[in-house]
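Me: Please take a close look at a single part of this structure. I would like one connected account of that part and its surroundings.

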Amino acid sequence: MTRIEEFKALIGSPSNYSFEHSLEFVKRYSFEDIDCELYMQANGIRPDGEITYQRVVMALPKKLDGKMPAVVVPFYYPDAALGFDLESGEALERYIKNPTMHDIVRHGYIAISADAYHLTYANLSLPRDDFSRWQKTAEVFNCEHPEWSGIGKLIFDTQLLLDICESDPRIDSERIGMAGHSLGGKMAFYTGCLDERVKVILASDFGIGLDSTNWDSIWYWGDKINVLKEKGLDNTVLLSHAAPKPFCLIAGQYDNEESRQAVYSVEEYKDCPSKILVIDHRSGHRPPKYASEAGYYFLDSYLK
């Protein structure tokens, strides 16, 4: 078994997870500089046979110019990725300083995001920003799917967004990128490395080192993190597998000089150094505007 095969085996795959895939249009929203479309997408099944759904938002420029490039922007939920509440249009104070999805549309892309599984898998009467949702949902999920992993579920749901991009006639399926910050960076990195439909990856301060951030949380790897370490596997295995796919890491807090060295140590990029870039702003977890813009221009160089 190769190293990437060992890695994939630990991510796992679900059993008894066959369900009818569906996507239903719900509503269209118009804002000053972008339009948004809300959908409900089937994204799984519970042991009792109940289908689960993720709320999907597609954000579009006001004017579409033929088949356009698209960027999947995984995060907690779409409004957080936009930086404002979809229904009211009001800024979300916690997220307004890093509106990745909104920024990407301004750069001339169609962007798409969805609720993460902490909002879809378990029926919890908690606010969407209550962080305890992650622990409570993951405990239920891991009990029902011990053969799988939380990071595997995050990848699965993000790949459903790629399915939408592939089938939407407004999107050029040969020009799809992935971009995310923090938790969204983890989702972007893993999905982008493992899915050939993704042509370029932009990940911001997600902690590429297994000890750099909370990879051991039950909603990511949980106890499986120890097996990864025992086998000498880390996230550069994924990057080696993805090479020479263009990859940009925005470092700041959880990613740092050690992360830069790890990224540039991947042998598979030695003959194509322009396809890998680390931007280390060293100013904390949230990237300053110049660092984000540099990342967007990296996307531009491969999707436009």
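Here is the part I have in mind, followed by the reply.

Which residues of strand β5 are buried, and which strands pair with β5?

Reply: This is a predicted model, in which local features need pLDDT of at least 70 and side-chain atom pairs count only at pLDDT 80 or more, while totals for chains, interfaces and linings use all residues. Residues are numbered from 1 along each chain as its sequence is written, and side-chain values use heavy atoms, with hydrogens and water left out.

Start with β5 itself. Strand β5 covers residues 110-114, and five of the five are buried, so it is largely enclosed by the rest of the structure. Buried means under 20% relative accessible area, exposed means over 50%, and partly exposed lies in between (1.4 Å probe, protein chains only). Strands here are DSSP runs of E with at least two residues; helices are runs of H or I with at least four; both are numbered from the N terminus.

In a regular strand the side chains alternate between the two faces of the sheet. In β5 both faces are covered. Ile110, Ile112 and Ala114 are buried on one side. Ala111 and Ser113 are buried on the other.

Now the neighbours. Two strands pair if DSSP finds at least two bridges between them. Strand β3 (residues 51-61) pairs with β5 in the antiparallel sense, over four bridges. Alanine 59 has alanine 111 of β5 as its bridge partner.

Strand β4 (residues 68-72) pairs with β5 in the parallel sense, over three bridges. Valine 71 has alanine 111 of β5 as its bridge partner. Valine 72 stands opposite isoleucine 112 in β5.

Strand β4 is also covered. Five of the five residues of β4 are buried, so this strand too is largely enclosed by the rest of the structure. Methionine 68 has isoleucine 171 of β6 as its bridge partner.

Back to β3, for a contrast in cover. Tyrosine 53 sits in this strand. Its relative accessibility is 39%, so tyrosine 53 counts as partly exposed. Together with Val26 and Met40, Tyr53 forms a nonpolar patch on the surface, with about 250 Å² of accessible area together. Patches take residues with over 30% relative accessible area and no salt bridge; like charges are joined within 9 Å, nonpolar side chains (Val, Leu, Ile, Met, Phe, Trp, Tyr) within 5 Å. A salt bridge puts a side-chain nitrogen of Lys or Arg within 4 Å of a carboxyl oxygen of Asp or Glu. Areas come from the Shrake-Rupley method with a 1.4 Å probe; for residues, only the protein chains shown count as cover.

The largest nonpolar core has 104 residues. Such a core is a set of buried Ala, Val, Leu, Ile, Met, Phe, Trp, Tyr and Cys residues joined through side-chain atoms within 4.5 Å. Phe7, Phe189, Tyr190, Trp221 and Phe247 have the most contacts inside this core. Helix α5 (residues 150-167) gives the largest share, nine residues. Tryptophan 221 touches residues including Phe7, Ile151, Tyr190 and Trp215, not counting those up to four places away in sequence. Contact means heavy atoms within 4.5 Å.
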